[in-house]
Amino acid sequence: METLLLNNTDGDIARAGDILRNGGLVAIPTETVYGLAANALDGAAVAGIFRAKGRPQDNPLIVHISHIDQWAGLVREIPEAAMALALAFWPGPLTIILPKGDIIPDEVSAGLDTVAVRFPSMRTTRRIIDAAGVPLAAPSANLSGSPSPTCARHTMDDMRGRIDAVLDGGECNFGVESTVVTLATPVPRLLRPGAVTPEELRDVLGSLEIDEAVMGQLREGVQAASPGMKYKHYSPKAEITIIKGTLDEFVSYAESAVVNGGEMFALCFDGEEGNIPLKCVTYGREDDPLTQSHRLFTALRELDENGAARVLARCPSTEGVGMAVYNRLLRAAGFSVIDVGKKCK
């Protein structure tokens, strides 16, 4: 299959819409990461997403809309709390899970009785949805398990020959996937952290639980209610270990670490390269989780491009947006963490 590279023009957006409306697959930009989109109301088209990504079929997808009034037919009902969240954060990087409507195929929900919906803020994304004339199911546009792409080049690296087209809308602003909150539980629950923080959600909802899988591994036998919960995700070819501790403690550990075959790298914060006795790739400033989220997935791909075999990663804070960065890095590391000193704050 030839994969077209489309541009952010009226003509190419219309062409992407035609492909999607007719059951094809197009990788599209959003403010979070590039998504691999298909007609969310067409089960056969959605099944193509799983084939292209090599994605497990029990991992649900997120449905993207371009106008808030499209939400009603996708879910059974919209409770007051859901509308309050929508008014506060949509359009934007928040996904809301509710009991699904009858028009949602099982391929989208992975057989669950709920559906995840979001209203993206990127204008290009909404124009593509409008051109398609249907809501779009879209997980990240990467091969399953690899780092999510935040630019068209990385998307094409993974998807060339697997899908109909990639539409280049530039670099993504946030760099990590949307926050996911479910309202299909007795108390609203955060299932995946993102740019909308737990503190911001509590300001609207009052009560909010944080699922144990956000900061750890989903227990065996428990079905994932959201993308990004169940499997090792976002991982480069290199073996990553998160090192909890101060910079001095990290340096001391790096000096004593041994790698058998291949080369060891450090994934560290901006400006630390001169202190660490390893080749370094940086992923943002230590005191700025937004720069970390913007850089993380690109940095993970750079590790592969540089031939890293093993990576020691500086641990981010878990406060605010830092929770999203830690969540993604934890899965990229396959939950491998060594605490060499003080715990991350």
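Where is the place of Pro 91? Select Pro 91: the residue sits in the loop between α3 (80-89) and β5. Helices here are DSSP runs of H or I with at least four residues, strands are runs of E with at least two, and both are numbered from the N terminus.

Before going on, note that this is a predicted model, where local features need pLDDT of at least 70, side-chain atom pairs count only at pLDDT 80 or more, and totals for chains, interfaces and linings use all residues. Residues are numbered from 1 along each chain as its sequence is written, and side-chain values use heavy atoms, with hydrogens and water left out.

**Stop 1: the cis bond.** The peptide bond from Trp 90 to Pro 91 is cis, with omega near -10°. Most peptide bonds are trans, and most residues other than glycine have a negative phi.

**Stop 2: two positive phi values.** Select Ala 110, in the loop between α4 (106-109) and β6. Its phi is near 55°, a positive value in a residue other than glycine. Ala 110 counts as buried because its relative accessibility is 14%. Buried means under 20% relative accessible area, exposed over 50%, and partly exposed in between (1.4 Å probe, protein chains only). Now jump to Phe 335, in the loop between α10 (322-332) and β16 (337-339). Phe 335 is not a glycine either, yet has a positive phi of about 65°.

**Stop 3: strand β6.** Select residues 114-118. Five of the five residues of β6 are buried, so the strand is largely enclosed by the rest of the structure. Thr 114, Ala 116 and Arg 118 point one way; Val 115 and Val 117 point the other way. In a regular strand the side chains alternate between the two faces of the sheet.

**Stop 4: the neighbours of β6.** Strands pair if DSSP finds at least two bridges between them. Show β4 (residues 62-64): three bridges join β4 to β6, and the two run parallel. Here Val 63 stands opposite Val 117. Then show β5 (residues 94-99), joined to β6 by five bridges and running antiparallel. Leu 98 stands opposite Val 115.

**Stop 5: the whole chain.** Zoom out. The protein chain has 10 helices and 16 strands. Its C-alpha atoms fill a box of roughly 55 × 50 × 35 Å along the principal axes. Of the 345 residues, 58% count as buried.
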